[in-house]
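Here are a few friendly notes to read alongside the structure. Please keep the picture open as you go through the points.

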Amino acid sequence: MVENVVQIIQNKVTLSKTNRFITNEEINQLADEYGTPLYLVDEQTLHEKVLELRDAYQNFDGQVKIVYSIKANFNPSIIKTFMKDKITFDLTSLGELFFIHKLKVDPENVIYTSVTEELEEYKQVLSYGIKRIVVSSYFGLINLSQAANILGIVPKVMVRMNPEVGVKAEVRASYRNGKFGVPLNGGKVDSAYYLVKSIYDNPMLEFEGFHFHLGSQITNFVCYINALERLNSLLNKLKKEIPTFSLKTLDIGGGTPVFYNEPVPSPKEMAAIYLDKLNNLVSNHGDFTLMIESGRFLVAESSIMIAKIVNTKEYNDHKIVILDTGYHLLLDCALLKQEYPQEVATNTHNNSHLYSSNTNKQFTGKNIHLAGRLCDTLDIFPTSKMSDLTFANVGNYVLFYNVGAYSLVFNMPFHCQTKPPVLMKTFDGGMKLIRKGTSYDDLFAEEGGLIP
Ligand SMILES: Cc1ncc(COP(=O)(O)O)c(C=O)c1O
C-alpha cells in the first residue's frame, strides 16, 4: 500500500530519487529496534550533494572550493563523510572548532567566520593552525591583529561585506543596518573599504578576499547579481588606491535552496544566473578561488525523520493526527513554518488497520492536520504540497523528508523530551548508529538532578 502512496506522490511531483533510501520493511524493523522518533541519514546522498554543487560551478573560470557550513548539522559522522570528499569547513564558534579538532580536520581546509570575534577566540583559532579568517567588524580586525602579534602568525584575512541588497528568502542575512558583516562604505571604520585598507597597512595581516552571505533557501537569485555588481565597484575603487591590491578568494556564502514544498531551481540553474558576473570579475580583477559555502543544500536531503502516529481525533470534517514527535525535533516547523514533505508508511508489525478511523470517514489533504506531542500551540507540522497523509492512522509511521539541515542541531528538551537516536545508511548499505538517543536518566542528570 505504501509503495502505491509513493507512486502517487511521485506522479504528483517528481521526488528526487535519493530521498527514499530505505524500504518499508527496513522502516518497520528500525522502528521496532530503536523506537520512534528516529532520524536516518544517507551517506550516499551527502556525497552526491557535494558532486552536484561542484558540477554547478564547473564553468567558473577559476578554482572552486565547496565549503560545508557545519552549523547546519555538526554530527561527527556527517563531517567525516564530507572529509572523504576533501571539502572545506566553515566554522562559527569555538564549540565547532572543538569538533573539528577532535575529528583532526586539516586546518588548511577550514575557514572561520565569527560573529563575536573576541581576542581569546582568535587566539585559539590561530593556534589550531586555521589561517583563513573572515572578519566582520573593525573591533574584530583589531582583535585578530592582536592575536596574530601574540602568536607570531600572519592570518589570511577575508572581509565579510554586507552588500545590503534586497533578498527574497525566508531567512535573510543581508539587509540595511544588518548584524552580519560591514557595509561596503557605511561607517567610518566599520566598512569593507576601511577594513581592507587597514589590512594592507598591517604587516601582521594578509588580505585574502571577500565574503558575503545573503540568506538561506533563496529561490530568486537577482540578489547575487546585485551583490556581485556592488563588489565589482568596490574592487575598482580599491585597485585605484592600493597598487598591490589583489583578490585571491571570494566566498559567496550559502543560500542554495532545497525542495520542501515545491520544486526549486537546481544548483546548476542557480549558478547559471550569475556565472557571467563571476567570470567578469575574473577577467576584470584576475584569477581567484570561488567558495560556495553551503549548509542546507549539502545535508537536507540526506535525512528522514520517522515518527509514529499515537492518537487521532476526528471532528467537523477534520482529522487531527498526533505524533510522538514535536517541534523540539524539527524547530523550523515552528520558527519558519517549514513545510517538510511527509509520507505515511504502514506499520506492518501491528494491527493498525483496527484503528483506521473512529468514524470510517475518508479524510484527505487539507483536512488532515499533523500535530506534535508538545503542549504548545505552535506544535503543528505544516504539510507540504508533496505530503500524502491519506493513511494517517494510529500505529502507522509518518516520514518527514529532507530534514538534515538545522534540525538535529536544534534538538531541545522542552517538556523533558530526550534526543532520539540517529542512524546512518553507509556507502556499503549497512546501518550504523551515529548518535545514541538520550534517556530520562541522562536528562535528569544534565539538568542538575544529581546535584545534592
Ligand atoms: C556565514 C554563513 N555561511 C553559510 C551559511 C549556510 O547557509 P545555507 O544553509 O543557506 O546554505 C550560513 C547560514 O546561516 C551562514 O551564516
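**Notes for a first look**

1. Let us start with a pair of helices: E43, L46 and V50 in α3 meet I78, T81, F82 and K84 in α4. Sorted by class, the residues where α3 touches α4 are four nonpolar, one polar and two charged. Please bear in mind throughout that this is a predicted model.

2. How do these two helices lie to each other? Two packed helices are described by the angle between their axes and the distance between the axes. Helix α3 covers residues 43-56 and helix α4 residues 76-84; their axes come within 10 Å and cross at roughly 45 degrees. The crossing of α3 and α4 is right-handed.

3. Two residues of this contact deserve a second look. K84 and E43 form a salt bridge, in which the closest N and O atoms are 2.9 Å apart. Since K84 sits in helix α4 and E43 in helix α3, the pair ties together parts that are 41 residues apart in sequence. The structure holds 13 salt bridges.

4. Now please turn to another helix pair, α8 (residues 192-200) and α9 (residues 222-241). Their axes come within 11 Å and cross at roughly 35 degrees, and the crossing of α8 and α9 is right-handed. On the α8 side, A192, Y193, V196 and K197 take part, and they meet L234, K237, L238 and E241 in α9. By class, this contact of α8 with α9 has five nonpolar, no polar and three charged residues.

5. Most residues other than glycine have a negative phi, and most peptide bonds are trans. The peptide bond from T36 to P37, however, is cis, with omega near -5 degrees. You will find P37 in the loop between α2 (24-34) and β1 (38-42).

6. K104 belongs to the loop between α5 (94-102) and β4 (110-113).

7. Finally, a word on confidence. The mean pLDDT of the protein is 92, and 93% of its residues reach 70 or more. Over residues 1-18, though, pLDDT stays under 50, and the model has 34 contacts beyond four places in sequence for this stretch. Where pLDDT is low, the predicted coordinates should not be read in detail.

Technical notes:
Residues are numbered from 1 along each chain as its sequence is written. This is a predicted model: local features need pLDDT of at least 70, side-chain atom pairs count only at pLDDT 80 or more; totals for chains, interfaces and linings use all residues. Side-chain values use heavy atoms; hydrogens and water are left out. pLDDT is the predictor's confidence in each residue, from 0 to 100. Contact means heavy atoms within 4.5 Å. Axes are lines fitted to C-alpha atoms, for helices over the stretch in contact, and angles run from 0 to 180 degrees between N-to-C directions. Helices (H or I, at least four residues) and strands (E, at least two) are DSSP runs, numbered from the N terminus. A crossing is left-handed if the near helix is turned anticlockwise from the far one by less than a right angle, and right-handed if clockwise. Ala, Val, Leu, Ile, Met, Phe, Trp, Tyr, Cys and Pro count as nonpolar, Asp, Glu, Lys and Arg as charged, and the others, Gly among them, as polar. A salt bridge is a side-chain nitrogen of Lys or Arg within 4 Å of a carboxyl oxygen of Asp or Glu.
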